[in-house]
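Please read these notes with the coordinates open.

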Amino acid sequence: MLVSIQYKTKENDLTVFYLAACHNVDYVYENPEEARKINCYALKNFLETMTNVKKLFFASTDCVYGENGEIPLLKESSPLKPVNEYGKQKIEAENIVLSKGFTVTVTDTDKRTYTVTTSKSNSVTRSNLLV
């Protein structure tokens with residue numbers, strides 16, 4: 001299916017909202033490899049197949065920061081100290097995004113869901129996503 005989408009959109013620069021994730025912390029702890037297939041491998045496969053993605057909104061989590069006492073004042077310089085497997089996998093996923101030529105920045109964060117906004121020409125943003 002991705003190849004079909006890539007073929008149909010190959011002339012266009014795409015903006016993608018990538019929200020696929022296995023986010024139940026207990027499930028991820030109990031089934032780390034199954035969760036990694038969704039949280040990391042599917043993302044990598046998507047970005048390798050869909051080469052015309054120019055802007056990517058990628059859902060991350062405050063779990064990448066662990067319990068560092070800075071919430072809600074998180075910034076790009078805040079240390080990444082995940083305390084669970086889910087946080088570790090989301091850091092791995094962010095590194096996949098970085099390896100594909102996108103960059104990461106943190107803005108407007110609080111205790112809610114963090115979204116990494118990425119662009120090959122601009123920076124990625126971990127920003128507050130109100131759902």
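Which residues are buried in α4?

1. In α4, the buried residues are Tyr86, Gly87, Gln89, Lys90, Ile91, Ala93, Glu94, Ile96 and Val97. Buried means under 20% relative accessible area, exposed over 50% and partly exposed in between, with a 1.4 Å probe and protein chains only. Helices (H or I, at least four residues) and strands (E, at least two) are DSSP runs numbered from the N terminus.

2. On provenance: this is a predicted model, in which local features need pLDDT of at least 70 and side-chain atom pairs count only at pLDDT 80 or more, while totals for chains, interfaces and linings use all residues. Residues are numbered from 1 along each chain as its sequence is written, and side-chain values use heavy atoms, with hydrogens and water left out.

3. The length of α4 agrees with expectation: its 15 residues should span 21 Å at 1.5 Å a residue, and its end C-alpha atoms are 21 Å apart. The expected span is 1.5 Å times one less than the number of residues in the helix.

4. Both ends of α4 deserve a look. At its start, a side-chain oxygen of Asn84 comes to within 3.3 Å of the backbone nitrogen of Tyr86. After α4 comes Gly101, with a positive phi near 100 degrees.

5. The largest nonpolar core has 15 residues, of which Leu43, Leu47 and Leu56 touch the most other members. Such a core is a set of buried Ala, Val, Leu, Ile, Met, Phe, Trp, Tyr and Cys residues joined through side-chain atoms within 4.5 Å. At least two residues of this core come from each of β1, α3, β2 and α4 (85–99); α3 gives the most, with four. Another core, of five residues, lies apart from it and includes Cys22, Ala35, Cys63 and Tyr86.

6. Aromatic rings of Phe, Tyr and Trp (its six-membered ring) pair if their centres lie within 6.5 Å; planes under 30 degrees apart count as stacked, over 60 as edge-to-face and the rest as tilted. The count by this rule is two aromatic pairs. Phe17 and Phe57 are stacked, because their ring centres are 4.5 Å apart and their planes are at 5 degrees. This pair links strand β1 (residues 14–18), which holds Phe17, to strand β2 (residues 53–60), which holds Phe57, 40 residues apart. Phe17 is exposed, at a relative accessible area of 58%.

7. Tyr18 and Phe46 have ring centres 5.3 Å apart and planes at 45 degrees, so this pair is tilted. Tyr18 is in strand β1 and Phe46 in helix α3 (residues 32–49), so the pair ties together parts 28 residues apart in sequence. Tyr18 is buried at 9% relative accessibility, and Phe46 is buried at 13%.

How values were computed:
Polar contact = N/O pair within 3.5 Å; in protein donor to acceptor, adjacent residues only side chain to side chain.
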